[in-house]
Amino acid sequence: MGVSVPDILIDLIKTTSLIIVFAYIVTRTKFFTDVLNKQFNLKSQIIIILLFGGLSIFGTYGGIKLPSGAIANIRDLGPMVAGLFGGPLVGVGAGLIGGVHRYFLGGFVAVPCSIATVMAGLFGGMIYNLRKKEFPKVWQATLFAVGMESFHMGLVLLIARPFDQALAVVKDVVIPMIGANALGVAIFALIIRNLIIEKRTAAEKEKYRRDLERKEFEIETARRIQQSFLPETTPRLDGFDIAAFSLPALEVGGDFYDFIPIAQDKWGLVIADVSGKGFPAALFMALSRMCVRANAMGKSTASEAIRLANNLISQDAKSGMFVTLFYSLLDLKQKRLNYVNAGHNPPLLLRGDTGGVILLGAKGIALGVLDEINLEELQLDLARHDTVVFYTDGVTEAINEKEEQFGQERLVKLVAQNNHLSAQSLVDKIKDEVNAFSLGQPQFDDFTLVVLKTV
Amino acid sequence: MDIIERKMANGVNVICICGRLDAYASSEVEKKLNGLIDAAQVRLVVSFDKLEYISSSGLRVLLATLKRVRKQQGDIRLACVKPSIKEVFDMAGFTQLFTILDMEEAAVKSFDE
């Protein structure tokens, strides 16, 4: 009654499958996790000892039947693995269950085999200690299994008598025993190492999530602080209607507008755009805004105010940072605008009587570029129903899915066609048109609008 | 956005920026230019022949590297600047800072004078 090669193969596959299932299930239990994470509570340890002791007993019977009739068993597998991941106590515990059971089955190899099973748990536990309780790599565990089974065979030769019989048994089973146990240990080692990596990844993910939460909170706080830098409301200007809107492309941005009270009937109107967007631009925005504010108050002319502001700003402008800015001094009584343009998009002036549009350009350069600058100052008288639209390039450079820009022309046309609207309504109209134009596209740049109408 | 780099016979480096120079692309260009300046390559021509759009970040990068390169007796000269791009430079007042030439060859040769 021989056992053929296909039979051995099928046996091997069956046993391997059972080990894989056992390994997968056991490693997903809380008891396993507790012991693996060195949370040594008695209950988990006892359960693991019982489980792997049970595996050991199974291993006596569930080995591979060889042609000679002997069985290449995997009794040592349970204790080896238990020792490797749980330490000597757990290993020896499992080993004793399997070993004592084997002893009482009898036979002339009973003694060396029982001893080997207990030692398997002990050696596994010693490796655990040597590796400072860290589970070994797959090749290391497999090598241990090979060594352990060789040791097991050695014990048989040493203890079992008659020697010839012992030698015959060893010759018969040594390769299959080493092979089967090594395979079993390798399977466990793979599954356990995967589990360890899984848990490590989960822990890292959790850490990143907490970090992200904290950063998002800080960003939100920064956003609120920057919001508070913009005027809370538009000032009441006698004879004028004024409205404003600003939205950064990201949580914070580099655009700003400002209304600066200069004198009884004089207000400074600022619109500006710091290069770039996001946090670097926002920090520079805070700096620029204060430099302009501080220098605008008390200065009689627009060009002087901005020239001095530039002196301050350029000292702190590193890495090529600059800010384009349009500043106008509005005389409410005279209905007059004195203005300078430091590299900014020229505001649109729509004349109420003719319907014609003028661009308020003036010779100048963005702030922060040169230490000393000269700005051309121009003057403009405003008549009834005149509208001035101040904007940043987030309006004109808004793109649609074809990467076409909204453009200055479209803006001019839109303003010309809507002179009848109030300042706020015109702001809303421009917003709506740009949104409709760039539908679906993420906001490309910080978007700012200020509309001033003479009533 | 792509960057094509060429070294000319007279030692001038030509950097051709293709596509849209937005905030993200600007950091790539900045790295490239700074790398060249670190390697003492301070005679640079930036060609805008294939440039479709330049953002304020792009201007910032050009300004920063211009300041750097001038400190080392070098220069960045611009070539093939389309009218739409030139408008952006004009508006910001940057035209007075840079030497702008129509043809790339002319820009490269200008370093020989």
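In what order do the five strands of the open sheet in chain A stand, and is their pairing parallel or antiparallel? I began with this in the predicted model, and I read the order as β4-β5-β6-β7-β10, with antiparallel pairing. I then looked at the edges, where I found β4 (255-263) and β10 (378-381) of chain A, each with a single partner strand, so that one side of each is left without a neighbour in the sheet.

I then turned to helix α3 (residues 83-92) of chain B, where I found V88(B), F89(B) and A92(B) buried. They lie on the same side of α3(B), because the arc they cover around the axis is only 95°. On the face turned away from that buried side I found the exposed residues P83(B) and S84(B). When I looked up what covers the buried residues of α3(B), I found, among other elements, β6 (323-331) of chain A, as well as β4 (51-54) and α2 (56-71) of chain B. Just after α3(B), I noted a positive phi of about 80° at G93(B).

Last, I checked the domain assignment of chain A, which gives domain 1 (5-206) and domain 2 (230-454); the centres of these two domains, taken over C-alpha atoms, are separated by 78 Å.

Technical notes: Residues numbered from 1 in each chain as written. Chains lettered and ligands numbered in written order. Predicted model: local features only at pLDDT ≥ 70, side-chain atom pairs only at ≥ 80, totals over all residues. Buried ≥ 20, exposed ≤ 12 C-beta atoms within 10 Å, placed from the backbone. Helix = DSSP H or I, 4+ residues; strand = E, 2+ residues; numbered from the N terminus. Arc of directions from axis to C-beta. Contact = placed C-beta atoms within 7 Å. Domains from an automatic or database assignment. Pairing = 2+ DSSP bridges.
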